[in-house]
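Here are some notes to read alongside the structure. Have a look at the fold, then go through the points below.

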Amino acid sequence: MTDYELLMRQALALAIKAAATDEVPVGALVVNPEGLVVGVGNNLREAEHDPTAHAEIVALRQASSLRESWRLDDHTLVVTLEPCAMCAGAIAQSRIKTLVFGAWDEKAGAVGSVWDVLRDPRSPLQVEVISGVLEVECSTILQEFFKAKR
């Protein structure tokens, strides 16, 4: 098992936590260059009545607060679902070095599915993207959540 798989399993645990509170099950964590988790998040849009409270944003805010800087150079963000356009923009603005995600989002994904915000050659900032880590597990939790909603 790779380090990214271990980290993704931690993100999946956060996604499960979100599902238990009727939030869309997405989990994210920020890892510093030393390999320590410095930010965690799961979706909190329903709980906080906040359209920006996606797992990625929650984790980025926590990591930035801990670091006392909005710059997360050389950090890695691990998230269970391909980020949307808003989150991809926040990832770029925070200067995240590497993004690791599990499931693809064919409806709203902005890192290769619908758009590719982070690897657009016109962008002044480039982010390394590693996709499909524990993709089946990450997809399954989302499918089961939405199946139960129908």
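1. By class, the largest pocket is lined by ten nonpolar, four polar and seven charged residues. Here Ala, Val, Leu, Ile, Met, Phe, Trp, Tyr, Cys and Pro count as nonpolar, Asp, Glu, Lys and Arg as charged, and the others, Gly among them, as polar. Bear in mind that this is a predicted model, where local features need pLDDT of at least 70 and side-chain atom pairs count only at pLDDT 80 or more, while totals for chains, interfaces and linings use all residues. Residues are numbered from 1 along each chain as its sequence is written, and side-chain values use heavy atoms, with hydrogens and water left out.

2. How much space lies in the largest pocket? About 580 Å³. Of its 21 lining residues, Val24, Leu81, Asp105, Leu142 and Phe146 are the closest to its centre. Helix H5 (residues 135–149) gives the largest share of the lining, four residues. (A pocket is an open set of points on a 1 Å grid over the protein atoms alone, where a 1.4 Å probe fits, with protein on both sides within 12 Å along at least five of seven lines; lining residues have an atom within 4 Å of a point. The volume is the space filled by probe spheres set on the points, which are joined across faces, edges and corners. Helices, H or I of at least four residues, and strands, E of at least two, are DSSP runs numbered from the N terminus.)

3. Don't look for disulfides (cysteine sulfur pairs within 2.5 Å): the count is zero. The sulfur of Cys84 has its closest cysteine sulfur in Cys87, 3.8 Å away, which is too far for a bond. Cys84 is buried at 17% relative accessibility, and Cys87 is buried at 0%. (Buried means under 20% relative accessible area, exposed over 50%, partly exposed in between, with a 1.4 Å probe and protein chains only.)

4. His54 ties in with those cysteines: it touches Asn43, Arg45, Cys84, Met86 and Cys87, leaving aside residues up to four places away in sequence. Touching is contact, heavy atoms within 4.5 Å. His54 sits in the loop between helix H2 (45–48) and H3 and is buried at 16%.

5. How many aromatic pairs are there in the whole structure? Two. Phe101 and Trp104 are edge-to-face, 4.9 Å centre to centre with 85° between the planes. Phe145 and Phe146 are also edge-to-face, at 5.2 Å and 85°. (Rings of Phe, Tyr and Trp, its six-membered ring, pair with centres within 6.5 Å; planes under 30 degrees apart are stacked, over 60 edge-to-face, the rest tilted.)
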